[in-house]
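Q: Could you walk me through this structure, one feature at a time?

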Amino acid sequence: MEEVVETNTGNYERERVPESERKRWLSISMVWIAIGIDLSGMFMGISLAQGMEFWTAIAAVVIGSVVLGILAIGATYIGAKAGLSTGMISRVAFGKNGAALMGLIMGISSLGWFGVQIGFFAENIRGAITQLTGASLPLWLLSLIGGGLMMLSAFWGYQAIEKLCTYSVPLLAVLIIVATIMSISSNGTAGLATAPQGTPISFGLAVSLVIGVYMVGVVMAPDVARWAQNPKQAMIAGFVGFTIGNSFMIIISLILVKVMDTGDLTAVFFALGLGIPSILVLTLAQWTTNTNNLYSASLDFSIVFRRVNPKLITVISGSLGILMAMLGIYGKFETFLSIITVLVSPIAGIYMIDYVFYKEKYDFAYESKLKDYYPIAIISWVIGSVVAFMTSAPPAGFGLFTITNISALDGIIAAGICYFVLTKLTKGRK
């Protein structure tokens with residue numbers, strides 16, 4: 001029997017979330033909407049605005065986001081039904097030691113992106129502060145401050161994240177919508193009809209990009225969905241949260257870029273006299289999004305290092321991410337993180353199919369009966385990862401062929417099909 005440090009942190013890293021702690025769909029969807037309102041969505045909107053006609057881009061964003069919301073339904077159902085994190089769910093599908101490998105991969109991916117987003121935040125907030133005051137603050141200081149805020153909310157767990165998102169989403173929405181209305185009032189809507197000025201983007205590629213920007217969020221959806229009152233609440237929250245969360249910032253960016261005829265949205269805010277609100281938007285957007293990266297990393301590492309207090313894991317992980325950002329490493333290993341992210345996606349395909357076959361085992365009481373490894377799951381994960389690498393563009397993959405144009409989705413589908421076939425051929429674990 002493996003020794004485990006059991007500490008009631010209120011975040012239930014290694015156990016089922018009690019029914020008494022569960023939330024309704026609206027508060028959970030707020031978390032996913034807040035995660036979706038970030039700088040990545042803003043830059044996606046800029047790219048689409050520069051490469052597509054406005055209404056064609058809007059259609060691509062809506063279709064892509066709805067597809068993403070539909071994909072999230074399966075993962076959120078399992079998360080709510082089991083009441084367990086993605087890492088704990090992987091213990092059922094992959095076995096105790098097999099899940100440790102999956103948890104390590106997922107944890108490295110989430111922690112790496114936590115560090116990247118801190119650095120991303122520091123660069124953008126420094127630009128905004130410089131425009132507002134003329135002062136140029138050091139990146140290491142902004143990384144320390146921003147990363148510290150993000151680590152603080154992750155340390156207190158989901159309850160703190162929920163409160164942060166509940167209050168920040170309405171404020172963010174108001175600030176961004178006000179900026180959009182002001183830009184249209186001062187410049188009109190003629191810019192929406194202007195021809196794209198950048199490299200053309202096809203409709204299919206645009207839909208793929210929109211789905212891909214939040215695809216790993218679907219894989220990790222049980223981390224949040226486990227807090228839902230029941231599967232129905234989780235599925236509603238997942239569809240609403242992923243659809244609106246993924247599309248809101250992209251559409252707003254599309255409008256602002258077209259109307260103001262610039263790809264520098266920080267400059268747009270300042271041109272409208274909204275310098276201080278722009279800093280607030282940048283801070284809240286990255287705070288709510290990046291806190292979830294560290295939250296997921298801590299949950300994953302809690303499965304790997306089962307003898308370590310989960311709160312200590314959060315502090316160590318957060319400190320490492322902040323240090324990476326302060327040292328400027330964030331701009332030097334994004335290719336590595338893209339490769340790690342490709343390895344994460346097949347996990348969802350496996351646990352979804354596994355749940356179809358063995359839903360009675362997704363009960364925390366069954367955990368003592370789990371084996372160390374389930375070879376079928378490991379084999380399926382390897383095959384799914386290979387397929388995802390084959391369809392990923394260089395340098396993160398080989399780009400040998402395409403299936404859906406979304407490498408993460410390719411990995412999920414390939415792993416899921418492989419696991420289904422192997423389970424049927426071998427009569428499962430028997």
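The dialogue below goes through aromatic pairs, salt bridges, the core, a surface patch and a loop.

Q: What should I know before I start reading?
A: This is a predicted model, in which local features need pLDDT of at least 70 and side-chain atom pairs count only at pLDDT 80 or more, while totals for chains, interfaces and linings use all residues. Residues are numbered from 1 along each chain as its sequence is written, and side-chain values use heavy atoms, leaving out hydrogens and water.

Q: How do I read an aromatic pair, and how many aromatic pairs are there by this rule?
A: A pair of aromatic rings is described by the distance of the centres and the angle of the planes. Rings of Phe, Tyr and Trp (its six-membered ring) pair if their centres lie within 6.5 Å; planes under 30 degrees apart count as stacked, over 60 as edge-to-face and the rest as tilted. By this rule the count here is twelve aromatic pairs. One of them is stacked: the rings of Y158 and W227 have centres 4.8 Å apart and planes at 10 degrees. This pair links distant parts of the chain, 69 residues apart, with Y158 in helix α7 (residues 158-187) and W227 in the loop between α10 (222-225) and α11. Helices here are DSSP runs (H or I, at least four residues), numbered from the N terminus.

Q: What other ring does Y158 pair with, and how is that pair classed?
A: Y158 also pairs with Y295, and this pair is tilted, at 6.4 Å centre to centre and 45 degrees between the planes. Because Y158 lies in helix α7 and Y295 in helix α13 (residues 275-304), the pair ties together parts that are 137 residues apart in sequence. Together, Y12, Y158, W227 and Y295 form one aromatic cluster.

Q: How many salt bridges does the structure hold?
A: A salt bridge is a side-chain nitrogen of Lys or Arg within 4 Å of a carboxyl oxygen of Asp or Glu. The structure holds three. E19 meets R16 at 3.0 Å, N to O, and E19 also bridges to R22, with the closest N and O atoms 3.9 Å apart. Within it, E19 is partly exposed at 48%, R16 is partly exposed at 29% and R22 is buried at 7%.

Q: Where do E162 and K23 lie?
A: These two side chains meet in a salt bridge at 3.6 Å, N to O. The pair links E162 in helix α7 with K23 in the segment before α1 (25-36), 139 residues apart. Both E162 and K23 are buried.

Q: Which residues have the most contacts inside the largest nonpolar core?
A: A nonpolar core is a set of buried Ala, Val, Leu, Ile, Met, Phe, Trp, Tyr and Cys residues joined through side-chain atoms within 4.5 Å. The largest one has 133 residues, and W32, L48 and Y351 have the most contacts inside it. Its largest share, 13 residues, comes from helix α11 (residues 231-260).

Q: Where does A135 lie?
A: A135 is in the loop between α5 (96-133) and α6 (139-155). At 34% relative accessibility, A135 counts as partly exposed.

Key: Buried < 20%, exposed > 50% of the residue type's maximum accessible area, 1.4 Å probe, protein only. Helix = DSSP H or I, 4+ residues; strand = E, 2+ residues; numbered from the N terminus.
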